[in-house]
There are 2 protein chains.
Amino acid sequence: MRTLAEYAKLVNERLADLLPKLPEGSYVEGEMPELLVRSMNYSLLAGGKRLRPSMFLAALEMLGGDAEAWLDFACAVEMIHSYSLIHDDLPGMDGDTLRRGRPTNHVVFGVGQAILAGDGLLNGAFELMLGRALANGGDARASLRAIREIAIGAGVTGMIAGQVMDLHCERNGEAGEAAFRYIQRDKTACMFIYPLRAAATLAGADEAKIDALGKYGEYFGRAFQTVDDLLDVVGDSAEVGKTLGKDAEQGKLTAVSLLGVDGARKLAQQQCEAALAALEGFGPEADFFRNLMRETTQRTK
Amino acid sequence: MRTLAEYAKLVNERLADLLPKLPEGSYVEGEMPELLVRSMNYSLLAGGKRLRPSMFLAALEMLGGDAEAWLDFACAVEMIHSYSLIHDDLPGMDGDTLRRGRPTNHVVFGVGQAILAGDGLLNGAFELMLGRALANGGDARASLRAIREIAIGAGVTGMIAGQVMDLHCERNGEAGEAAFRYIQRDKTACMFIYPLRAAATLAGADEAKIDALGKYGEYFGRAFQTVDDLLDVVGDSAEVGKTLGKDAEQGKLTAVSLLGVDGARKLAQQQCEAALAALEGFGPEADFFRNLMRETTQRTK
């Protein structure tokens, strides 16, 4: 097992090499147009903690899998995350013009190309995983299962479902607890749950371990979102690294809008405890995940 | 082997049952939000010839595969086609408000939900194929290969690449032959080439047959696009079933804008002949594809 920063470094190095280097403006049959490479890389290589792919790799190694061999799956998880941010920033969605201190993708490349850059990252994630699974060989059925787990996490009962409800509630001022719980799970937690399940599947773990890691992913993801909601209200802008107070401005349904600051703090604590409880069947090898959960919750203290 | 209409009927019946039937406005954890079902089905069930999935099924049966067993793969091909139309119609892309005589997806559901309906259809196509491959069992490696073929056709060296170049040329008034050839292959032909290759792969065909069908798909797709370009200029609006003259209005790079009407007619004929030549290694069992190619080219006479 390595540190979060070491996994993130692995991911960053591979991401930088993922798309072809092409002369500006080139388009050759059978290759990507250079414009598409540039617009995908603009967002994919914009930094970020690489939390989801790093946790994928950590889970894989914890269960005896080979992180280097399946690094492309981690990169695919990050590509899916990156596409979701590009589409989320578009006019008609959140309509954001800045992300991580830089103009958003559609501001630089135009709305049409940004839609296509997002589509390219989503579709490209599957191209990458399918190609890697075939190149690695081994148990093809386990590969199918693992790719399916990631597809479900990103999909119509996962992240996309969460985005649909998030947008719907924001537009219609809906603010119930059921919608809040649905959005927390689907929009945020699913891209932790299912990549962790995929990692455990690739490592050959038994169903009980796959389910336990998925359960951890659910509560980790929920806590992560609750903390994000809290930091948007009580955080320090420089420390958090983004403009704060945006949720209330956009009328988002968040832990704070639903429960207030104290209620949200209590919720984060409960979710942290549930995540730790999910790991009870694991020994010290799961300390990586225990520590990550505790540190995440600590950020609002 | 069945007729095109019989394959299309199979596809339509399965598509109608694909997404869950849910009470209006419902959202239950682990299920799709009903709003997402409605917005995806609005475009997916809007009719159309179901040409790509029907050709997929015909290729599968021609080579001894089981069309019913892999019907979900055909539906996935249509889901990808449907997503591409939703995103193509968006403001910032073509900005169309009508398709097949009905308001486009974003006019009905709003831009944000339409983006997500498209994302849902693309991601959902992979969820469907991966689930079907696991349920069917059999050769998991062949399934991985077949899904990868479809991913490549839809992907960053396929359909998305073609859309990027199409939009780029339209916005920048580029009109060279290289760009035209690139767009014809990637934007249109790739979603014939690669689903046909996937069908042959699932049927257990040898590499020579997979390549031959892919080659047919390339020239069929190119001819199909050339004919579409021609009909936009010389077609009868009632017969073609859509508003004509749009390409010139939008400044699209088409066979007609590049070669004129006579030149485009000649090109369609050449492409038809190349498609037929690609089938030389097949006997009468490939007459389905030969006839389809001839009928498609006849439409401009």
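The model is predicted, and local features need pLDDT of at least 70. Residues are numbered from 1 along each chain as its sequence is written, and chains are lettered from A in the order in which they are written.

The buried residues of α14(B) are B:Phe288, B:Phe289, B:Met293, B:Thr296 and B:Thr297. They cover an arc of only 160° around the axis and therefore lie on the same side of α14(B), the arc being that of the directions from the helix axis to the C-beta atoms. Their cover includes α3 (51-62), α10 (207-234) and α13 (255-278) of chain B.

In chain A, helix α1 (residues 4-18) and helix α3 (residues 51-62) pack at an angle of about 110°, with axes 9 Å apart. The two helices are therefore roughly perpendicular to each other (65 to 115 degrees). To the contact (C-beta atoms within 7 Å), α1(A) contributes A:Leu4, A:Tyr7, A:Ala8, A:Leu10 and A:Val11, and α3(A) contributes A:Pro53, A:Ser54, A:Leu57 and A:Ala58.

Helix α3 of chain A also holds A:Ala59, which counts as buried because it has 28 C-beta neighbours inside 10 Å. Neighbours within four places in sequence aside, A:Ala59 is in contact with A:Leu196, A:Ala199, A:Ala200 and A:Leu213. The C-alpha atoms of A:Ala59 and A:Ala203 are separated by 8.6 Å, with the two residues 144 residues apart along the chain.

Notes:
Predicted model: local features only at pLDDT ≥ 70, side-chain atom pairs only at ≥ 80, totals over all residues. Axes fitted to C-alpha atoms, helices over the stretch in contact; angles between N-to-C directions. Helix = DSSP H or I, 4+ residues; strand = E, 2+ residues; numbered from the N terminus. Parallel < 35°, antiparallel > 145°, perpendicular 65-115°, else oblique. Contact = placed C-beta atoms within 7 Å. Buried ≥ 20, exposed ≤ 12 C-beta atoms within 10 Å, placed from the backbone.
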